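Hello,

Here is the structure I promised to pass on to you. Have a look at it first, and my notes on the contacts between its chains follow below.

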Protein chains: 6
Amino acid sequence: MRTKFIEEEIKYIGSQLAPHWIYKNFNIQGDAIVAFRGECEVKLTEMVDIEDVINNEPIYSKYMLSFISEQFNIDLVEGVFRQRLLVCIIKECLEKRGIFVVRNGDDLMIDGRKLSVSIATKSITSTLIHTGLNIESEGAPLEVSGLRSELGINDTKEFAIEVMNMYAEELDDIELASTKVRGV
Amino acid sequence: MRTKFIEEEIKYIGSQLAPHWIYKNFNIQGDAIVAFRGECEVKLTEMVDIEDVINNEPIYSKYMLSFISEQFNIDLVEGVFRQRLLVCIIKECLEKRGIFVVRNGDDLMIDGRKLSVSIATKSITSTLIHTGLNIESEGAPLEVSGLRSELGINDTKEFAIEVMNMYAEELDDIELASTKVRGV
Amino acid sequence: MRTKFIEEEIKYIGSQLAPHWIYKNFNIQGDAIVAFRGECEVKLTEMVDIEDVINNEPIYSKYMLSFISEQFNIDLVEGVFRQRLLVCIIKECLEKRGIFVVRNGDDLMIDGRKLSVSIATKSITSTLIHTGLNIESEGAPLEVSGLRSELGINDTKEFAIEVMNMYAEELDDIELASTKVRGV
Amino acid sequence: MRTKFIEEEIKYIGSQLAPHWIYKNFNIQGDAIVAFRGECEVKLTEMVDIEDVINNEPIYSKYMLSFISEQFNIDLVEGVFRQRLLVCIIKECLEKRGIFVVRNGDDLMIDGRKLSVSIATKSITSTLIHTGLNIESEGAPLEVSGLRSELGINDTKEFAIEVMNMYAEELDDIELASTKVRGV
Amino acid sequence: MRTKFIEEEIKYIGSQLAPHWIYKNFNIQGDAIVAFRGECEVKLTEMVDIEDVINNEPIYSKYMLSFISEQFNIDLVEGVFRQRLLVCIIKECLEKRGIFVVRNGDDLMIDGRKLSVSIATKSITSTLIHTGLNIESEGAPLEVSGLRSELGINDTKEFAIEVMNMYAEELDDIELASTKVRGV
Amino acid sequence: MRTKFIEEEIKYIGSQLAPHWIYKNFNIQGDAIVAFRGECEVKLTEMVDIEDVINNEPIYSKYMLSFISEQFNIDLVEGVFRQRLLVCIIKECLEKRGIFVVRNGDDLMIDGRKLSVSIATKSITSTLIHTGLNIESEGAPLEVSGLRSELGINDTKEFAIEVMNMYAEELDDIELASTKVRGV
């Protein structure tokens, strides 16, 4: 799995959670995870999470660290497991910096305030994951938590690279773990 | 997924990581996770982890809390993801008690000492997972950490039940998460 | 699998055979089967059965009992088996009322007249099944049979609930049957 | 799928439910269903149905019509659907002769007496199905029903060939049904 | 797998690489391969190969022998293997006529000039393959090779039929090869 | 996929076509292909090809170049495609040296004499492939062809390395090819 931190700011509007968005925009082919920063505004018409649509909960964050991952030739249930692992790894990268948050499914919470949003979906050929962490906590529809505003993480780029490297390494490790056991 | 804490002590010798061991012994059919306590001694001839066999590393623990899970009709790579999630959830149940450990793949570590062992493998019809947590830390071949001896967890039964409930709930939640998204 | 009989009449026009139609309209998430009554008119442009399109055979029924089922994370061939089982169960629920019909693939026939229409297809994340039973037999393009007009079934709601319950139970049973056998 | 009625009597003892038993004994390669007649005695040590082992229910029939099918490259859940379809088709072939039995999962019953036994299991490369119909009803551990002794079917060979042909045809038809629909 | 040589010329513009194109146009249902001749012009907007889109490489051939195959219920990776096998078989059919070309992935080359174009992609229910061989070499954007203009093959119809027959036979043979081996 | 030429001679007796044989003997984990030279004698009791067992055709070669490949988490049909590709690549590596042989399924032939033997099978966690090329042609049960004795290839080690490198590269390329196409 290839990784890339994208320096330029990108406003995440949901349309980026599309097959080959990474390939077409950054010329990275195959399984990949990228991260970027920017405003996040996903309108109901762009949302893939039908639960949020039913509940009329569009997503907004003034400034967010977004991860997009596309992983090919895997089904959606395994894709959700891969999403959960990403969320666990983000939590663990926070722990390395002395910050302890609570994971609840695909949410990271601090004192009941959401630090993150996340979704996993399918295209015909791939699974796609978006996980976003608020950098600033103001301006959101609900009271949220923010990497910089509340947790004091200013080097969001270094943080993102750490997350992506750990994630890529663990996916390799999981693949390898499936090749070392005697069937029973 | 059904869960059960088994009151009687069971010496884990590796042979329990077998298809339908749960069904045959506790009459629990289908996807399940059970937990029990007892000595753990897996000889090289019983190990499914070929890496450990090659490295000549049998497993021993004087007193261990073992989880065995059998999950049907899933392939091994997804099975390893399900194993990793179990390890993450054990870590999070420790955090609820104010104990912070480090996860490294399928290992939980405290100051470089292993708290756990874990493996996932395949039978013809299922994936099988064993995860064991040392309760006592003495007597192991390497210096290890223990739930009771080092972390002060005396109610290992309650702890195990908590882990199993959270695990069963999150697996349901993951299955459900795959049913709520628009394909892209 | 969740089941629901929908009291309000719905005209089935084919557009209901869409991913998450059940979830969006009745807030039932995950594998589900619902039933409703109403006119049925599927134009060629809405049909998923290309054979019918090629043969120029639109579907019409003045008053139909329709079942829609969405089942996630299964491939289409298994989806067709699940459709056939639904048709077998409908046949068996008729037999409980002393009515004997002939199954021919996914058709139910009485003296060469079709009682039913049925199709199974795929979305990116699920398999979708529609099976419809004529309640009234008049007005159809071909001579057909009807639950009420010919077979004297007036309690189509009770009949539908029976079918859905038996179907949901057998799917559970099949899943379970795959977990009780020694591999050979 | 190839079909064959085997003239010679074979005592079914469970060991025939093994990968390539059909290929090795009758030189029929690939997906196949065969039928034969003979005594049936499956001891607990040979049973693949762990439920029966737990309940201590060996199988015995003085004279049985057995179907064995091996179908390659399909998983066990789909294999159980293929087993259920075989049972439905047997029921329908009985109906053609004016005999009406009740299906309960993979059992066929007459007035609460079992006419049949059936199981589906997995090998590394295939799914294997055994379905047996009592020809004679005496001598069984429970009160059972029999094709000849109770239902008056004397031409069990012709009956078996009819079942196998209908089964082979419907499997082809199901495969084909998955190729004629527009995805949604 | 059914095969058909289409006598009428068809201009290949990319839109033919669509689910059920073969079924709708030639009434051939299920796995199939067809061949036809005609101009080939695939504009960037019609291309499924994103690599070519990124590199701004539309496809043009004045006169091409095109093969289109649709194969249902297989994933894309296996679909690419099936595409590679088709390319190998085309190469081998050339060898039967004493013509030796070099295969490089899914390309056939003569002295560094491309004889062929090829792509494999997925629909919701099938894998689709297009492989085209230049008949005439003039008029292409790059210097290419041609079946007739350079290799002297005038009976492109017979050649195409030979390729399709060998391909259909080998796919059957591969399926069968998976049914004759003992698991290990 | 990792590759390794094994310098020491190994007598191939069939038992090497076993899960993790490569890992246990050469400490190469994961997908791999290795090659070695030595006598080849596979008795009927060791054969995985049931067709050969039925036909009573044990395998013998006085001196053979053997390739063993283990590839994890793929089903057997795809495994047979991967075997066929290996055979095609061996053929193409011969062509680079000016030697033209005929492929017939998984056999390579020269004037009706077999140069090769090959089989693909499944373990619980992997697909395993053996392909052997006679180096010497004498001593075989049938008249065969040999790399050195007939084709003049003396550098069988270099030849083997070339084959393994091309095979590993094309497998990577195929994986990548599945990630670059728009679904249709």
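Let me start with a pair that does not touch: chain C and chain F have no contact (heavy atoms within 4.5 Å), and their closest C-alpha atoms lie 11 Å apart. Chain A and chain D are likewise without a contact, with closest C-alpha atoms 11 Å apart.

Some housekeeping before the rest. This is a predicted model, in which local features need pLDDT of at least 70 and side-chain atom pairs count only at pLDDT 80 or more, while totals for chains, interfaces and linings use all residues. Residues are numbered from 1 along each chain as its sequence is written, chains are lettered from A and ligands numbered from 1 in the order in which they are written, and side-chain values use heavy atoms, with hydrogens and water left out.

Chains B and A

The contact here draws on 45 residues of chain B and 46 residues of chain A. About 3,700 Å² is buried between the two chains, and carbon and sulfur atoms give 57% of that; buried area is the accessible area (1.4 Å probe) that two parts lose on being put together, summed over both. On the chain B side, B:Phe81, B:Lys180 and B:Val184 supply 20% of the area buried against chain A, more than any other three residues.

How many salt bridges are there between chain B and chain A? The count is 14, a salt bridge being a side-chain nitrogen of Lys or Arg within 4 Å of a carboxyl oxygen of Asp or Glu. One of the salt bridges found in the model joins B:Arg84 to A:Asp173, with the closest N and O atoms 3.0 Å apart.

Which parts of chain B do the touching? At least two residues each come from α2 (50-54), α3 (76-96), β7 (116-122) and α4 (156-177) of chain B, where helices (H or I, at least four residues) and strands (E, at least two) are DSSP runs, numbered from the N terminus. The largest share, 13 residues, comes from α3(B). By type, this side of chain B has 22 nonpolar, six polar and 17 charged residues. Here Ala, Val, Leu, Ile, Met, Phe, Trp, Tyr, Cys and Pro count as nonpolar, Asp, Glu, Lys and Arg as charged, and the others, Gly among them, as polar.

The same surface serves both copies, as 100% of the contact residues of chain B recur in chain A.

Chains F and D

This contact takes eight residues from chain F and seven residues from chain D. The two chains bury about 660 Å² between them, 75% of it on carbon and sulfur atoms. In chain F, the residues that lose the most area to chain D are F:Ile50, F:Ile54 and F:Lys122, together 59% of what that side buries. The interface of chain F and chain D has zero salt bridges. Both α2 (50-54) and α3 (76-96) of chain F give two or more residues to the side that touches chain D, and α2(F) gives the most, with three residues. That side of chain F divides into five nonpolar, one polar and two charged residues.

Best wishes
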